[in-house]
Structure formats: C-alpha cells, structure tokens
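Welcome, and please load the model in your viewer. We will go from stop to stop, selecting residues and looking at what surrounds them.

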Amino acid sequence: MDEKRAHTVTSDAHRASPAYGLKDLWIEFSQTTGLHAVDKIKLPSCNPFSVRGLVWILALCSTTGFLVYNLVTEIGTYYSYPTVTKITPQIKHSITFPAVTICNRCTFNNTRLDVYPEMENYFFNISQGMAGKDSFSHLTSEVFQGPLSIEWLKNMSMEGSEMLFKCVFGGDIFNCMTDFKPIFTYEGLCHTFNFNANKSVFMPGDEANLIVTFNINQNDYTFIRNRAAGIKILLHHPDVNPDASSTVVTAAPGFSTYVAIQKFQYHYQPSPYMAFDDTACLDTNSPDFVNPLKNYSPYTYDHCFMECIHMTAFKLCGCVGPYVPVDGLLCSLVKLDSCYNPAVRSLSKNGTFVKECRCLSECVFDRYTAQVSSSSFPADKWESSLLNDTRARDRESMTSNFLQLKVFYDKMMVTSITQQPQYTVASLFSNVGGQMGLCLGASILTVAEIAELLVFIIIFLLDKCRGIKARNRISSW
C-alpha cells in the first residue's frame with residue numbers, strides 16, 4: 001500500500017506542467033487588478049470578440065486615451081510653471097519710513113559762481129541746448145576744462161543749512177543738517193532724510209510724519225535746463241541710490257505740498273518661474289547669490305541699468321559724472337555737459353540699449369506710491385508771524401522762496417503682493433490621481449500593479465527563451 005502511494009507521488013512530481021502562456025498571465029492580472037472594466041474583457045466571463053466584449057474594449061481604450069491626454073496636459077501645465085498673485089493688505093503697528101531725497105530745482109548757487117565771469121553765460125548756453133557745439137572751445141580755464149572735484153561742486157552748490165529751514169518728524173523738531181545727508185545725484189547736490197533707515201512711524205497723518213519748511217533762494221538761481229523753481233522729492237528705500245527712485249514728485253514755492261504715501265512689498269518666484277510675463281527675476285536673497293555689479297549695492301534692476309548706462313557713457317567720454325559712485329576720472333564741466341550727461345540721457349531712452357543691458361529685476365523689493373495735493377502757503381493769518389521767522393522782505397519774497405512739504409503715510413498699512421506657484425507637486429499628484437480615478441478607477445497602487453504585470457511579462461519572455469518553466473518562476477515571487 002505504501003509502495004503504491006509512493007509510486008503515485010513520484011509520478012505526479014514528474015508529470016509535465018500544463019502549458020502556461022501570456023493569456024494565463026493576463027487572466028491572473030484581470031482577476032486581481034483594481035482597474036475598472038478589465039474583468040469585462042477576459043475569458044470565460046466574456047468573449048473579447050463578441051459585441052459586448054468589443055464595446056467594453058472600446059470603452060476601456062477611449063477612457064485610457066482620454067486619461068493619457070489629460071495626464072500629458074497636466075504635466076505640460078506643471079512644467080510651464082504657472083503662478084497666481086496674492087494681494088494681502090497688512091495693518092502694521094509701525095512702518096519703516098522711506099528715504100526722502102530732496103533736490104533744489106537749481107542746485108548751483110549763482111552768487112558763488114560769480115567769481116567766474118563766463119559761468120552764467122555758459123549755463124545759459126547749456127540751458128538752451130547748445131551743449132554739443134564747438135562754442136565752448138574758447139573756455140580754456142581750468143574750471144571749465146579741468147576735471148571736476150567734489151569739493152568744488154559742494155562749494156558752488158546751494159547750502160543745505162540755508163535751504164532746510166525747519167524740520168519736524170513725529171511731532172518733534174530736529175536739526176535738519178543732522179538727519180539730512182548731502183548726496184550727489186543727477187540733479188546735483190541733494191539731501192537725503194532717513195539715509196540710515198532708523199526712522200519709523202507709529203501713526204498715520206500729515207501732522208505725525210515728516211514736515212519740512214524750505215527756502216529755495218530763487219535769488220541765487222542760475223540758468224538751468226528745467227527752467228523751474230521749487231524742489232524735487234525722490235522717495236526710495238534707504239539702501240537704494242536716489243537716482244534709482246521710481247517715485248518722484250515736485251513741490252512749488254508758495255504752497256504746502258502733501259505727499260500721502262503707501263508702501264508695497266513685492267515677492268516674486270525665482271527661476272524657473274517667470275516673474276514678469278516672459279522674464280525671470282534674480283533671487284538676491286539666495287545664499288549663493290553674488291552681486292554682479294561693481295559700483296552699486298545692493299543689486300536692483302535700477303542699479304544694474306544705471307551701471308550699464310554709466311559704464312557705456314564712460315567708454316564714450318573717458319570720464320564719469322560726480323553722481324556716479326566709482327573711483328574714476330571725473331569729467332570736466334564742459335565734458336560733463338557736452339558729452340557725459342547727453343550720453344546718459346540718450347542711452348536711458350534707447351529701447352535697444354535697454355535690452356542689451358540684460359538687467360533682471362530682483363525677486364523681492366519695495367515700492368512707494370504717492371498721492372500729491374497742495375494748498376496755499378502761508379495762510380494770510382500767518383503772514384506777519386512767518387515774515388518775522390523767515391526774515392523775508394515781504395510776502396512776495398516769501399511766497400517766491402518758501403514752501404512746506406509734508407510726507408506721510410495716510411494709513412498704517414503695507415500691501416504685500418506675492419507671486420505663488422499655481423501648481424505644486426502635491427496639487428499635480430492630486431490632479432493626476434483624480435483623472436486616473438475618474439477614467440479607470442485607478443490609483444497609484446494600480447500603477448504598481450501594471451508595473452508588476454510588465455515585469456512578469458519580461459520574466460516570462462526571458463524564461464521562455466531559456467526554456468525555464470515560467471509559471472513556477474512567477475509563482476515563486
């Protein structure tokens with residue numbers, strides 16, 4: 001009995017395994033997969049070549065094609081790096097005050113230039129647009145043809161202590177010359193308030209921020225290109241050069257000018273995202289960022305463009321203006337007005353040159369907007385009092401020379417404009433998962449099932465070529 005049983009077991013062990021093909025592998029997959037409709041096109045439940053089987057095959061292929069189309073679209077959209085912009089007004093208890101650079105519309109002092117008899121006629125010709133002509137060749141003195149010095153320019157400019165008559169910040173009177181720093185700009189010698197970024201405001205309103213009374217001293221004006229009287233106000237971040245300011249207002253004598261400002265903070269996404277339509281921005285906050293500019297810091301788009309202009313003008317003229325922060329040869333007065341300044345003006349409005357500079361904007365920066373209004377200054381009631389304080393000869397002299405400027409936040413609010421990725425990796429997987437579930441009832445684990453099927457097919461074909469029993473190999477996994 002035992003020998004018969006042993007003989008039977010031995011015979012079963014040596015019996016050939018049934019033929020195992022790709023069809024069997026498909027049947028096993030269709031019985032276990034989570035993909036919808038796959039079990040509808042397998043034998044013996046349904047003949048794939050019957051009408052019912054063909055309908056299910058068509059449905060499966062259609063939804064699979066639709067899924068592939070949507071997946072390609074989703075992935076393409078993700079790699080186009082779309083963004084959305086979020087605008088967030090934020091109420092603040094304190095806001096850092098901007099740097100306020102103030103320039104007299106005529107920075108040169110004619111009474112100091114009187115020591116040079118030809119100087120007034122020279123500035124008259126410059127104001128008439130005669131800077132590029134040979135009419136200055138007869139001006140051979142050192143003051144016209146020799147390199148300028150910063151000290152000479154300061155001595156020939158309007159005195160800040162005479163121009164800044166009275167200064168108030170946060171309701172407290174302060175020494176104007178202590179908190180205003182002299183600085184050369186394209187306009188000439190100007191003065192900057194809050195140059196060291198140590199002033200903040202805690203209340204909005206025209207009486208709670210900066211109030212300055214000026215004496216522009218029109219009697220000391222000389223001929224200038226702009227032919228205007230008053231002051232020019234540049235609002236900018238304390239770290240930014242005044243010439244790079246994007247917010248500029250002017251104030252006329254005989255008026256009290258109100259400049260209500262608002263602060264905007266911009267945050268853009270660095271490459272590969274496009275910050276400005278088809279242009280990326282520079283992530284200057286990255287630890288790997290190195291400022292490529294030689295003469296301006298920190299890096300900003302305006303600083304980059306200014307350096308590009310000034311270096312090009314230097315190559316054309318062989319010298320630089322006094323407002324350029326570079327250790328180089330300063331132009332003579334004639335060369336400044338006949339070559340350097342005209343080159344700067346021409347390059348600034350040359351669209352082709354702007355593109356050639358290839359300057360990129362920084363990703364994070366601040367901007368200030370200004371709303372300007374004015375009223376007559378002084379009121380008739382204050383005429384006698386201010387005549388005594390200012391020591392002006394009469395009301396006409398006072399209204400021709402004196403003005404009041406009020407720069408203030410109209411509300412304790414900072415508006416943050418933030419660019420955010422529209423698609424993240426999480427949202428991409430979420431959308432892909434939704435498309436897979438909608439079309440095939442599939443999930444990420446279903447993708448693993450399909451990958452496993454492909455692996456088994458490859459193993460099956462390899463084993464077939466090598467003569468190994470494919471079923472035993474696959475079953476042993």
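Predicted model: local features only at pLDDT ≥ 70, side-chain atom pairs only at ≥ 80, totals over all residues.

**The whole chain**

Start with a cartoon view of everything. The protein has 17 helices and 14 strands. Of its 477 residues, 42% are buried. Now think about contacts between residues at least 6 apart in sequence: 72% of them join residues at least 24 apart.

**Stop 1: helix 3 and helix 15**

Select residues 51–78, which form helix 3, and residues 425–440, which form helix 15. How do these two helices lie relative to each other, roughly parallel or roughly antiparallel? Their axes cross at roughly 170 degrees and come within 9 Å. Since that angle is over the cut-off of 145 degrees, helix 3 and helix 15 are roughly antiparallel.

Show side chains next. On the helix 3 side, the residues in contact include L60, F66, L67, L71 and I75. Across from them, helix 15 contributes residues including V425, L428, V432, M436 and L440. Sorted by class, the residues of this contact are 12 nonpolar, 5 polar and 1 charged. To find the charged one, select E74 in helix 3.

**Stop 2: helix 10 and helix 11**

Move on to residues 301–317 (helix 10) and residues 333–348 (helix 11). Here the axes come within 9 Å and cross at roughly 140 degrees. This pair is therefore oblique, and the crossing of helix 10 past helix 11 is right-handed.

For the contact itself, select F305, I309, H310, T312, A313, F314, L316 and C317 in helix 10.

**Stop 3**

Select N401, in helix 14 (residues 395–401). Is N401 buried or exposed? N401 is buried, because its relative accessible area is 7%, and the cut-off for buried is under 20%.

Draw two distances from the N401 side chain. One runs to the backbone nitrogen of Q218, at 2.6 Å. The other runs to the backbone oxygen of S397, at 2.8 Å.

Now look at what comes together in space here. N401 and N217 are 184 residues apart in sequence, yet their C-alpha atoms are 5.5 Å apart. Beyond residues up to four places away in sequence, N401 touches F214, N215, I216, N217, Q218, N219 and P253.

**Stop 4: N215**

From that list, pick N215, which sits in strand 9 (residues 210–215). N215 has a relative accessible area of 14% and so is buried. The side chain of N215 makes a polar contact of 3.0 Å with that of N217. Setting aside neighbours within four places in sequence, N215 is in contact with E162, M163, N401 and F402.

**Stop 5: T185**

Finish at T185, in strand 6 (residues 180–185). Its relative accessibility is 2%, so T185 counts as buried. A polar atom of the T185 side chain lies 3.1 Å from the backbone nitrogen of E187.

Key: Residues numbered from 1 in each chain as written. Heavy atoms only, no water. Helix = DSSP H or I, 4+ residues; strand = E, 2+ residues; numbered from the N terminus. Buried < 20%, exposed > 50% of the residue type's maximum accessible area, 1.4 Å probe, protein only. Polar contact = N/O pair within 3.5 Å; in protein donor to acceptor, adjacent residues only side chain to side chain. Contact = heavy atoms within 4.5 Å. Axes fitted to C-alpha atoms, helices over the stretch in contact; angles between N-to-C directions. Parallel < 35°, antiparallel > 145°, perpendicular 65-115°, else oblique. Left-handed = near helix turned anticlockwise from the far one by under 90°.
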